[in-house]
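Subject: Structure for your study

Dear colleague,

Please find the structure below, followed by an account of what was found in it. Kindly read the text with the model open beside you.

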Amino acid sequence: MPRAILCLLDSFGIGGAPDAADFGDAGADTLGHIAQACADGRGDIEGTRKGMLYLPNLDGLGLGAAAELSTGTVPPGLSNTPLGGRWGVGREVSIGKDTPSGHWEIAGVPVPFAWGYFPNENPAFPLELLEKIYAAAGLEGSLANTHASGTKVIEDFGEESIRTGKPIFYTSVDSVFQIAAHEEHFGLENLYALCETVFKFTAPLKVGRVIARPFLGEDAKSFKRTGNRRDFAIDPPEDTVLDRLKSADRQVYAIGKVSDIYAARGITHKIKASGNMVLFDRTLEAMDMATDGALIFTNFVDFDTEFGHRRDPGGYADALEQFDRRLPELIARLRDDDLLVITADHGNDPTWPGTDHTREQVPILLFSRSLDKGSIGLRPVLSDIGETIAHWLGIAPGKHGTSAL
């Protein structure tokens, strides 16, 4: 019985979303603008990488061809002549450009409602909400309470947080309530407990996630976020392909933040890891453990958090090239009837103004030794990805989307 390995390159959009202007993102193109930055020398990192974006393995699976289908242009350094597999473009229909929207839709459940957001004003959180949180959690107050970059807000408020014991509350244009606190001075378990308390108040507001953002260090110059992030997310409104697989007694390996995004639903094996290359290692290990009919689902989060949000095209390019160099290891472990799926959940153009996600289409790259080369075209809903996996693994189709195969 075949297996499926789903590698989600968090935020790796390929431009071309027809409704991008509705989100202020007309012209955003994560892949295209990274490739152009590299071609112009703006992606060079001394001692690390230099020159054109070099992704021969992803390009061989159809990345350049997918980008051309999405935007009409082949990015510099890529080609429109794939060597194998099936390639295409995914278009999101959910109302949003954030993590839950993309992940849920990929797993077969487009988001049918508008998310709750906090306004870009000071304070960003309603006083009534803050007072409820303080009372329930026994807090004397909080810091920041604003829209902010995660690394900058820790730099600005981390020392005061250590001194006063107050956590740092912040948000963004995404549907999130984020809480940063020191792992040792505030306590990691205390941070998780606080997030659970806050989640009770934000879930009715349709705020997608409360995110724990622990950090270490003793001053602004040494503060660094750790790998112990945890997302507290509202449940998908319907069963996803993960739920359907679990109900069919299949293994579902969730690697990285995947389990958190689906509120642990449909997961049989949760594997926490931090850092793209460690996540890659855990994926290979899961392939060695997974039985017939299993799904292995990994979110490679660094593309988004470390390079997209930080507007670092060179760092993003380097991370892509690292992933590309290791891709042959994964392909070598595939059984003849296994299906590899490489895609993304949204964009995060590192050359775009601001620090937030960008509304883009995403690549869909499918590879199996039992699959002929060809295009799957433009898929009108990301749920086609989940339904392709369901079809490949031999379970009943869901309500949304159709298999690309």
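Phe12 and Tyr316 are both buried, where buried means under 20% relative accessible area, exposed over 50%, and partly exposed in between (1.4 Å probe, protein chains only). This is a predicted model, in which local features need pLDDT of at least 70, side-chain atom pairs count only at pLDDT 80 or more, and totals for chains, interfaces and linings use all residues. Residues are numbered from 1 along each chain as its sequence is written, and side-chain values use heavy atoms, with hydrogens and water left out.

The rings of Phe118 and Phe177 have their centres 5.9 Å apart and their planes at 85°, so this pair is edge-to-face. Rings of Phe, Tyr and Trp (its six-membered ring) pair if their centres lie within 6.5 Å; planes under 30 degrees apart count as stacked, over 60 as edge-to-face and the rest as tilted. Phe118 lies in the loop between helix H4 (99-106) and helix H5 (127-137) and Phe177 in strand E5 (residues 176-182), so the pair ties together parts that are 59 residues apart in sequence. Helices (H or I, at least four residues) and strands (E, at least two) are DSSP runs, numbered from the N terminus. Phe118 is buried, at a relative accessible area of 7%, and Phe177 is buried, at 0%.

The structure holds 15 aromatic pairs. One of them, Phe12 with Tyr316, is tilted, at 6.4 Å centre to centre and 35° between the planes. Phe12 lies in the loop between strand E1 (4-9) and helix H1 (30-39), and Tyr316 in helix H12 (residues 313-333), so this pair ties together parts 304 residues apart in sequence. Phe12, Phe280, Phe300, Phe303, Tyr316 and Phe323 form one aromatic cluster.

Charges also meet rings. The charged end of Lys206 sits over the ring of Phe113, 5.5 Å from its centre, and Arg230 lies over the face of Tyr192, at 3.8 Å from the ring centre. For this, NZ of Lys or CZ of Arg must be within 6 Å of the ring centre and within 35 degrees of the ring normal.

Finally, the sheet. In an open sheet with mixed pairing, 8 strands follow the order E10-E9-E11-E1-E12-E13-E2-E14; two strands pair if DSSP finds at least two bridges between them. E1 and strand E11 (residues 295-300) pair in the parallel sense over 6 bridges. The bridge partner of Leu9 in E11 is Phe300.

Yours sincerely
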